[in-house]
Amino acid sequence: MLIFENIKMAFQALLANKMRALLTMLGIIIGIGAVIAIMTVSSSLTNSITDSFQEMGANNITVGLKQTSTETETRSNGLKFGAASRNFSVDEEDLITDEMLSKLKKQYSDKIDAIGISESIANGTIHDGGNTANIAITGINEEYFSGSDVTLLREGV
């Protein structure tokens with residue numbers, strides 16, 4: 001009978017302090033609603049960002065070699081940029097070979113869809129009167145298209 005007496009006493013306290021009970025109930029409702037809203041917004045944002053990264057190709061791994069300039073630039077404030085800060089050279093053993101790529105594709109055949117190879121051949125700026133265009137020439141292999149969301153519009157020139 002002790003439980004029933006406690007429940008009866010709780011209801012009497014709620015009826016005696018109606019405003020306190022209402023405000024407590026309102027605080028609990030707002031708190032739970034805020035937690036649900038924050039969880040929903042964060043879940044939606046996570047899904048949106050994940051989809052955006054997948055559209056940009058964030059599930060692709062890019063490995064590249066870039067030759068650095070041998071020229072050093074010294075600014076008026078004394079800072080140096082160029083070969084002095086990155087003094088290294090690419091040797092033959094640093095390059096990625098076709099055998100390495102074949103081995104990777106065979107070893108991870110369930111995870112690798114394609115190995116796209118691209119090489120930047122040249123870039124520059126063309127001036128024609130008042131018009132200017134930046135041009136870049138890049139060579140790619142056939143698997144590049146299946147590994148990225150690129151559609152070939154025209155083959156050959």
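This note goes through the salt bridges and a nonpolar surface patch of a predicted model.

1. Residues are numbered from 1 along each chain as its sequence is written, and side-chain values use heavy atoms, with hydrogens and water left out. Because the model is predicted, local features need pLDDT of at least 70 and side-chain atom pairs count only at pLDDT 80 or more, whereas totals for chains, interfaces and linings use all residues.

2. The structure holds two salt bridges (a side-chain nitrogen of Lys or Arg within 4 Å of a carboxyl oxygen of Asp or Glu). In one of them E143 pairs with K105, with 2.8 Å between the closest N and O atoms; E143 belongs to helix α4 (residues 143-147) and K105 to helix α3 (residues 98-107), so the pair ties together parts that are 38 residues apart in sequence. Helices here are DSSP runs of H or I with at least four residues, numbered from the N terminus.

3. E143 is partly exposed at 28% relative accessibility, and K105 is likewise partly exposed, with a relative accessible area of 28% (buried is under 20%, exposed over 50%, partly exposed in between, with a 1.4 Å probe and protein chains only).

4. K111 forms a salt bridge with D110, the closest N and O atoms lying 3.9 Å apart, and both K111 and D110 are exposed.

5. A nonpolar surface patch consists of M19, L22, L23, M25, L26, I29 and I30, which together have about 730 Å² of accessible area (Shrake-Rupley method, 1.4 Å probe; patch residues have over 30% relative accessible area and no salt bridge, and nonpolar side chains are joined within 5 Å).

Definitions and conventions: Patches are made of residues with over 30% relative accessible area and no salt bridge: like charges are joined within 9 Å, nonpolar side chains (Val, Leu, Ile, Met, Phe, Trp, Tyr) within 5 Å. Helices (H or I, at least four residues) and strands (E, at least two) are DSSP runs, numbered from the N terminus.
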